[in-house]
Amino acid sequence: MTISDDDPRSLLGAYALDAVDPDERAVVEQLVASDPEAAAELAQLAAVAATLGDAVAGEPPAALRASVLAAIADVPQLGPLAGPRHAVADAPAGPPSASDGVPASPEGPASSDAQTPGVTNLADRRRPSRTRWLAVAAAVVIGAAVPTALAVQQAQRANEAEQQQQALADLLTDPSAVVVHGDVTGGGTATAILTDDRALFSATGLPDPGDDKAYQLWVVDADGAASAGVMADDAGSVRQLADDFTAGSALAITIEPAAGSTQPTTDPLVVLSTT
Amino acid sequence: MRWGTLARVERGPDEADVPRSAESLLADVAQGDDSAFAVLYDTLGRGVFGTCLGVLRDPDHAAEVAQEVWVEVWRTAARFDAARGSARTWTLTLAHRRAVDRVRAVQAQRDRDQRVLDASTEREFDVVADEVESALEQVRVRDCLGTLTSTQKQAVVLAYYGGRTYREVADDLAAPLPTVKSRIRDGLLRLRDCLGVTS
């Protein structure tokens, strides 16, 4: 088929190779959004272009994998595109220009906050989805209808809230999941979701643990207590997942030195279990 | 349960029995499943890196951009639409665009600085073509590039691997713009037929 030069279809090939100017890019995207035939041609040309890239020999550095997996831990995800769908052209979510920047730390592994120690550790990354669990933790706060500033802020961000709901829904479909509540000695309430192999702990209304002190979570079974981590205290709210939880165990929190203890040094403030 | 995929991740990418398509992995990634993301990385990591390397030539730069690409895959997975192409094409398209953006940003910076352009970013066609030829591991792709006319091949290689716009290609080759546009399009269509690409 012969097409004239001012027909935007003449740009499909160059577009597929990212070889057009931004205004031409917009023209092509408009075309394929309204012209199924052009969209089909572009889909094929894009697949050809991808093959050209795929064919380049090169083994990615081994460290890249761990670095990538660590980097995504703190990156929130976007929802599906709203409104009328565009055709193939904007499949990669529109032009990834500088303004569409990736909020990943350019130095590689994203800095992990105190709440997720060891998040850059590869072995740790291979455990059940930490990202999802953190989202669940946030969802529990919302679900408990405790309007902390954080919860309100997050509830306003529709995508995130949706994702949290989804994560919570996923968790609750675990046939072994049980939700338990308890009052915390000294003030506050605790909620946990316990499954056969992991647990999620959340508490609100906790008093300040004191200078150089912190709340620490424990998984307790017949053999004793094992630390599930020191919890960052956000205005009296804490949340933490316990990867090493097992069926029949209990969760407990104590106040410990800020750096954490290997074994509890104070009495538990709350103990949550299914029994 | 979703957790069931973890065992597969633990065994690593060498296992031959990974049955999941990139499309279904990407769908799980869109739901925040980072174990599916790890498997997707194992499936497409080489292609993403290769795409970046083909354009950027420098392995360190390629790794840097590849990381950006993967973070973007994570961020925007929900926007993938299987009706419009494969997950592989979607991901590698994203990778190429990022790599080209990087080349152009570097280029623009150099232009602003009015410095003598580094030969590594202002590569002549012969250099680009030679490097590409030797870097292509897939014989089929190399053979199919060989079925293009030399002018088609020049235009496609300069645009895709050289990161040039078709206007820059036209400048490089002292050819009219419409001619270069059709060389690229015709060249890609011929490649499509040779490679048997459907979409």
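Eight bridges tie strand E4 (residues 213-221) of chain A to strand E7 (residues 250-257) of chain A, and the two run antiparallel. Strands here are DSSP runs of E with at least two residues, numbered from the N terminus, and two strands pair if DSSP finds at least two bridges between them. This is a predicted model, where local features need pLDDT of at least 70, side-chain atom pairs count only at pLDDT 80 or more, and totals for chains, interfaces and linings use all residues. Residues are numbered from 1 along each chain as its sequence is written, while chains are lettered from A and ligands numbered from 1 in the order in which they are written.

Back to E7(A): three bridges also join E7(A) to strand E8 (residues 270-272) of chain A, again antiparallel. Seven of the eight residues of E7(A) are buried, so this strand is largely enclosed by the rest of the structure. (Buried means 20 or more other C-beta atoms within 10 Å of the residue's own, with C-beta atoms placed from the backbone.)

Now for another part of chain A. An open, antiparallel sheet has four strands in the order E1-E2-E3-E6 (chain A). E1 (178-183) and E6 (238-242) sit at the edges with a single partner strand each, so one side of each has no neighbour in the sheet.

| Pair | Bridges | Example partners |
|---|---|---|
| E1(A) and E2(A) | six bridges | Gly182(A) and Ala190(A) |
| E7(A) and E8(A) | three bridges | Leu251(A) and Leu272(A) |

Technical notes:
A residue is buried if 20 or more other C-beta atoms lie within 10 Å of its own, exposed if 12 or fewer, and partly exposed in between; C-beta atoms are placed from the backbone.
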